[in-house]
Amino acid sequence: MTDTTPPRRGGDIHRLLDDAFADIPLTPESQDLKEEVRANLMARVADLEAAGTSPVDAAHQAIDELGDVHELVSESIAPDEGATTSQPAPGWSGQSAAFRLAKVRPKPAFVVRVVVASIVATAALLLAGLAAAGVIPVPLGVTILLLGIGATGVGWIVGDSLVQETTTNHPMPSGRGAAYAVASFLTVYGLGFAGLVALAALPLWGIVFAAVGIVAGVVLFSFLGATQTNRHKAWLRQAQREYTMSNRFEEEPETAARFGIYSAVIWLVALALFVVLSFTVGWLWSWLALLGGFVVMMLVLARMLYGPRRS
């Protein structure tokens, strides 16, 4: 999918820097220069914010002060070594090189936090479920507390994971990551209350807490999803653009024609079976013919798109 959406969050200095380097050929030298510029920009943004400038204005001002990136590259990298005379390697070889350059080392502390949170959340939710089912004698207040611990663990995992930089994505701002954590907590806690009511471990009034938690979680998730900007790094967006340029149905019109004919035959047979089954075994089973037709069509589509190409 082609990404032409301009950055909407000026505070994201990483995305602005990516846009500034978008047409600079990716080489080890230009990548080193980019990382050096990134460190300087982050320091400049911190100074501006300390002086009272908003994060959005600080990011834009820092980028503006950077000047013309092409001149900076040409002055910093020798012509015989730099990117100004070379072109980026096309295809998978260029993408593999970009992947290696952008590779982020695993963070042991993050792994430890996620493992501990996973164990705690799983144990708490399991105990809460056993208590709600009456398998183990636990007071209702303790069951709700276990549910809260489990929901907190899930929220922690979600938030902590999103603010980590990966090879393909920039780190999410900590505030937005925390919002995703809260949304996860509310959703899990709401579902937990619904489970307690369903298992008769909580009176019917508990459904109010379930509804509040689930609705609040869904609303918050919807808001975050609707306002989410692209976190992909520049090299990945370039790879996606190159990938989407390859459309097999456009490259092989005969393959698209075959798929159209196969689809027509599949649905004619499915509709005929649907009519026959409706008048013989009844409506209760006749819909399976349409479901079978859909499954077969999807399998044919997968075969057409990803099967062996004609020589």
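Leaving aside its neighbours within four places in sequence, Val69 is in contact with Ala20, Phe21 and Ile24, where contact means heavy atoms within 4.5 Å. The model is predicted, so local features need a pLDDT of at least 70 and side-chain atom pairs count only at pLDDT 80 or more, while totals for chains, interfaces and linings use all residues. Residues are numbered from 1 along each chain as its sequence is written, and side-chain values use heavy atoms, with hydrogens and water left out.

**Nonpolar cores**

Val69 also belongs to the largest nonpolar core, which has 17 residues, and it is listed with Ile13, Phe21, Leu41 and Val73 as touching the most other members. A nonpolar core is a set of buried Ala, Val, Leu, Ile, Met, Phe, Trp, Tyr and Cys residues joined through side-chain atoms within 4.5 Å; buried means under 20% relative accessible area, exposed means over 50%, and partly exposed lies in between, with a 1.4 Å probe and protein chains only. At least two residues of this core come from each of α1, α2 (28–50), α3 (55–66) and α4 (69–76), and α2 gives the most, with 5 residues. The helices named here are DSSP runs (H or I, at least four residues), numbered from the N terminus. A second, separate core of 7 residues includes Ala132, Val197, Leu202 and Ala210.

**Salt bridges**

How many salt bridges does the structure hold? There are 2, a salt bridge being a side-chain nitrogen of Lys or Arg within 4 Å of a carboxyl oxygen of Asp or Glu.

| Pair | N to O distance |
|---|---|
| Asp160 and Arg113 | 2.6 Å |
| Glu165 and Lys233 | 2.8 Å |

Asp160 lies in helix α7 (residues 140–162) and Arg113 in helix α6 (residues 108–132), so this pair ties together parts that are 47 residues apart in sequence. Asp160 is buried, with a relative accessible area of 10%, whereas Arg113 is partly exposed at 32%.

**Helix α8**

Thr187 has its place in helix α8 and is buried, with a relative accessible area of 18%. Leaving aside its neighbours within four places in sequence, Thr187 is in contact with Gly213, Ile214, Gly217, Val218 and Phe221.

After α12 comes Gly282, whose phi is positive, near 105°.

Phe294 has its place in helix α13 and is partly exposed, with a relative accessible area of 43%. Phe294 is one of the residues of a nonpolar surface patch that also includes Val281, Trp285 and Leu299, with about 1000 Å² of accessible area for the whole patch. Such a patch is made of residues with over 30% relative accessible area and no salt bridge, nonpolar side chains (Val, Leu, Ile, Met, Phe, Trp, Tyr) being joined within 5 Å and like charges within 9 Å; accessible areas come from the Shrake-Rupley method with a 1.4 Å probe, and for residues only the protein chains shown count as cover.
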